[in-house]
Amino acid sequence: MSSSAAAAEQHRHHAVGGRELVPLAALIKEESRTERHAVTRSRICAREDGVGGEVGEAETRRPLLRYGCAAQSKKGEDFFLLRTDCARPSTSSSSSTTSHPPTFAVFAVLDGHNGDAAAIYTRDNLLNHVLSAMPQGLSREEWLHSLPRALVAGFVKTDKEFQTKGQTSGTTATFAIIDGWTITVASVGDSRCILDAQGGAVSLLTVDHRLEENVEERERVTASGGEVGRLSVVGGAEIGPLRCWPGGLCLSRSIGDIDVGEFIVPVPYVKQVKLSNTGGRLIIASDGIWDALSSDAAAKCCRGLPAELAAKQIVKEALKTRGLKDDTTCVVVDIIPPDQTIRPLSPPKKMNKLKSLIFRKKAKDQPNKLTKQLSSVGMVEEIFEEGSAILSERLGNDSGSRRTSSSLFTCAICQADLEPSEGTSVHVGSVFSSSSKPWEGPFLCSDCRDKKDAMEGKRPSGVKVL
């Protein structure tokens, strides 16, 4: 008999002796609750490989993650990444006393085109490039604060290295990092990540980089030297979606695509949010899903299902609506409070009241009392959002970030060591950052400086297709 069961039994005998009977159902409920908490505390992690699994930590304040993946292949160019055991180095005193190193999870969908080489290379290398761009010795809060900048550097480095291979394929990339209750999503292309928070409100964590739908991106591409137009056929008629020429790509941002021109940039849109302790569900999928289903439809069709079955249901609904016209891949991640074993069914929306609260930015002087009140209704706190394609804006200024002396003369993108006289500030010659000083970092090596100039249309791409 367990200790909780023995205590309950002893309690029952005392109650009988005192003529105060306790219902057996109440004792069983209490024992079940105690046993459930014991299991939650002892659960560390489960399967990493395969299409389904769960992960948790002994620290009960952190959520459990359960995930699933489903896919149907048409061209064989979609790939995904499922990692739940990524180590996060930390020097904080609180984490140094734990027996297990702090970890974070990564879930990604890569939708390749013109071949699968770019998608495979991105899947295998992007995470390492992001981590290499992080300063060493950061606390958890500093690490989360540095993630958006490191993601930009990692995406650009992945693109730069892949283009040296001379292969013409490209890929979208939607890359989600989950650390505790904080979610950071970086994306290029038209794969999408949505958040279905408790309460039934669905929110986008990505922006589609399709030329047909994004006016700002069309203006940026043409200002950088590209041409945007539809495919011309015999007789001068124009058909199909807007494309960038040369190359005919429908996207304004991707990794690879060496034959299109470097005004098609790998600089990601990045959004970072913090969930309340009620949890939520992420749905990450390629355009084979989103061309068939709206964000709301994808979320609604799988509510109440566990993550693995939810991913299969979304793929099933997309195929029912549109058929298998493209590779169709879906990853579902449930972020579950540690005292629960399954994600509860979200109640239906009522008059869209919760939708007006779901992404209210936290003011600098916001009282703690208000934060707690909004948390109690399942609000999601937006921490960071930026989508600029200009590196001088995205890599920021070194004066406000934590940098070690060994990284002062390191290229902010490729991490190559620089002599003091070699590095060029990312702000030099940038008309987009007039407030920045050209002698301030971060610094770029000559190769990365050339790539920056090419992406901003200051010179033609120097990379040649072999």
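Biologist: Let's start with the surface. What does the accessible surface of the protein chain come to, and what share belongs to carbon and sulfur atoms?
Modeller: The protein chain has an accessible surface of about 21700 Å², and carbon and sulfur atoms hold 53% of that. Keep in mind that this is a predicted model.

Biologist: Good to know. What is the mean pLDDT, then?
Modeller: The mean pLDDT of the protein chain is 79, with 70% of its residues at 70 or more.

Biologist: And where does pLDDT stay under 50?
Modeller: Residues 56–60 are one such stretch, and the model gives them 15 contacts beyond four places in sequence. Residues 93–98 also have pLDDT below 50, and there the model shows 1 contact beyond near neighbours in sequence. Where pLDDT is low, the predicted coordinates should not be read in detail.

Biologist: Let's look at some strands. How many residues of S4 are buried?
Modeller: Strand S4, residues 103–113, is mostly covered, with 11 of its 11 residues buried. Thr103, Ala105, Phe107, Val109, Asp111 and His113 point one way, Phe104, Val106, Ala108, Leu110 and Gly112 point the other way, and both sets are buried.

Biologist: Which strand is joined to S4 by 8 bridges?
Modeller: That's S3, residues 78–87, which runs antiparallel to S4. Phe80 has Val109 as its bridge partner in S4.

Biologist: And what stands opposite Val109 in S6?
Modeller: Thr174 does. S6 covers residues 173–179 and runs antiparallel to S4, with 5 bridges between them. There is also S5, residues 170–171, which pairs with S4 in the antiparallel sense over 2 bridges. The partner of His113 in S5 is Gly170.

Biologist: Switching to S15: why is it described as largely enclosed?
Modeller: Because 9 of the 9 residues of S15, residues 328–336, are buried, the strand is largely enclosed by the rest of the structure. Thr328, Cys330, Val332, Asp334 and Ile336 point one way, while Thr329, Val331, Val333 and Ile335 point the other way, all of them buried.

Biologist: Which strand pairs with S15 over 9 bridges?
Modeller: S2, residues 64–72, in the antiparallel sense. Across that pairing, Arg66 stands opposite Asp334. S14, residues 280–285, is antiparallel to S15 too, with 6 bridges, and Ile284 sits opposite Val331.

Biologist: Okay, helices now. How many residues of H12 are buried?
Modeller: 7 of the 10 residues in H12, residues 446–455, are buried, so the helix is largely enclosed by the rest of the structure. The buried ones are Cys448, Arg449, Lys451, Lys452, Asp453, Ala454 and Met455.

Biologist: What do they pack against?
Modeller: Helices H5 (140–163), H6 (215–223) and H11 (391–394), plus strands S17 (424–425) and S18 (443–444). Just after H12, Gly457 takes a positive phi of about 75 degrees.

Biologist: Which residues other than glycine have a positive phi?
Modeller: Asp257 is one, with phi of about 55 degrees. Asp257 lies in the loop between S12 and S13 (269–274), and counts as buried because its relative accessible area is 4%, below the 20% cut-off. Gln415 is another, with phi near 65 degrees, and is found in the loop between H11 and S17. At 22% relative accessibility, Gln415 is partly exposed.

Biologist: Where is there a cis peptide bond?
Modeller: From Trp245 to Pro246, with omega near 5 degrees. Pro246 is in the loop between S11 and S12 (255–256).

Biologist: Last one: which residues make the nonpolar surface patch of about 210 Å²?
Modeller: Leu231, Val233 and Ile239 make that patch. Val233 lies in the loop between S10 (227–232) and S11 (238–245), and is partly exposed at a relative accessible area of 34%.

How values were computed: Residues numbered from 1 in each chain as written. Predicted model: local features only at pLDDT ≥ 70, side-chain atom pairs only at ≥ 80, totals over all residues. Heavy atoms only, no water. pLDDT = per-residue confidence, 0-100. Contact = heavy atoms within 4.5 Å. Patch = residues over 30% accessible without salt bridge, like charges linked within 9 Å, V, L, I, M, F, W, Y side chains within 5 Å. Areas by Shrake-Rupley, 256 points an atom, 1.4 Å probe, with all protein chains shown as cover. Salt bridge = Lys/Arg side-chain N within 4 Å of Asp/Glu carboxyl O. Helix = DSSP H or I, 4+ residues; strand = E, 2+ residues; numbered from the N terminus. Buried < 20%, exposed > 50% of the residue type's maximum accessible area, 1.4 Å probe, protein only. Pairing = 2+ DSSP bridges.
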